[in-house]
Amino acid sequence: MIDNGCGMQPHIQSRIREPFFTTRREQGGTGLGLSTTNKILVEHGAQWLIHSQPNIGTEMKILLGMSNEA
């Protein structure tokens with residue numbers, strides 16, 4: 001997923017997986033959405049790659065592994 005929004009400063013990007021961290025508290029953000037997503041991805045052995053540049057946008061990729069289970 002790629003957006004062309006405001007992007008994130010490095011100190012923000014490094015914290016977005018933390019529970020209760022949000023930059024949108026005034027808009028009703030709880031800081032649980034991305035931390036919950038991260039927990040699910042970790043539990044399933046996925047990789048979540050995030051690249052963001054301030055004033056340009058953010059790109060997020062989720063890489064899922066293959067399973068041999070039947």
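Colleague: Which residues of helix 2 are buried?

Modeller: The buried residues there are Ser35, Asn38 and Leu41. Buried means under 20% relative accessible area, exposed means over 50%, and partly exposed lies in between, with a 1.4 Å probe and protein chains only. This is a predicted model, in which local features need pLDDT of at least 70 and side-chain atom pairs count only at pLDDT 80 or more, while totals for chains, interfaces and linings use all residues. Residues are numbered from 1 along each chain as its sequence is written, and side-chain values use heavy atoms, with hydrogens and water left out.

Colleague: What makes those buried residues line one face of helix 2?

Modeller: Looking down the axis of helix 2, the buried residues fall within an arc of 125°, so they line one face. The arc is that of the directions from the helix axis to the C-beta atoms. The face turned away from the buried side carries the exposed residues Lys39 and Glu43.

Colleague: What do the buried residues of helix 2 pack against?

Modeller: They pack against strand 1 and strand 2. Contact here means heavy atoms within 4.5 Å.

Colleague: Why is serine 35 called buried?

Modeller: Its relative accessible area is 9%, and the cut-off for buried is under 20%, so serine 35 is buried. Leaving aside neighbours within four places in sequence, serine 35 is in contact with Ile16, Arg17, Glu18 and Pro19.

Colleague: And why does asparagine 38 count as buried?

Modeller: Asparagine 38 has a relative accessibility of 17%, so with the limit at under 20% asparagine 38 counts as buried.

Colleague: Why does glycine 29 count as partly exposed?

Modeller: Glycine 29 comes out at 22% relative accessibility. Glycine 29 lies in the loop between helix 1 and helix 2, and apart from neighbours within four places in sequence, glycine 29 is in contact with Thr22 and Arg24.

Colleague: What else is in contact with threonine 22?

Modeller: Threonine 22 lies in that loop between helix 1 and helix 2 too. With neighbours within four places in sequence left aside, threonine 22 is in contact with Gly29, Thr30 and Gly31. From threonine 22 to tryptophan 48 the distance is 18 Å, C-alpha to C-alpha, and they are 26 residues apart in sequence.

Colleague: How do you know what counts as a helix or a strand?

Modeller: Helices (H or I, at least four residues) and strands (E, at least two) are DSSP runs, numbered from the N terminus. By that rule the protein chain has two helices and two strands, in the order α-α-β-β from the N terminus on.

Colleague: What makes the phi of phenylalanine 20 worth a look?

Modeller: Most residues other than glycine have a negative phi. Phenylalanine 20 is not a glycine, yet has a positive phi of about 70°. This residue lies in the loop between helix 1 (10–13) and helix 2. At 56% relative accessibility, phenylalanine 20 counts as exposed.

Colleague: What is the phi of asparagine 55, and why does that residue count as exposed?

Modeller: Asparagine 55 has a positive phi near 65° and is a residue other than glycine. Asparagine 55 is found in the loop between strand 1 (47–53) and strand 2. Its relative accessibility is 72%, and exposed means over 50%, so asparagine 55 counts as exposed.

Colleague: What makes a space a pocket?

Modeller: On a 1 Å grid over the protein atoms alone, a pocket is an open set of points with protein on both sides within 12 Å along at least five of seven lines, and lining residues have an atom within 4 Å of a point. The largest pocket holds about 570 Å³ of space. Of its 22 lining residues, the closest to the centre are Met8, Ile16, Thr23, Arg24 and Leu34. Helix 2 (33–43) and strand 2 (57–63) are the elements that give two or more residues to this lining, and the largest share, three residues, comes from strand 2.

How values were computed:
1 Å grid on protein atoms, 1.4 Å probe; cavity = no way out; pocket = protein on both sides within 12 Å on 5 of 7 lines; lining within 4 Å. Points joined across faces, edges and corners; volume = space filled by probe spheres on them.
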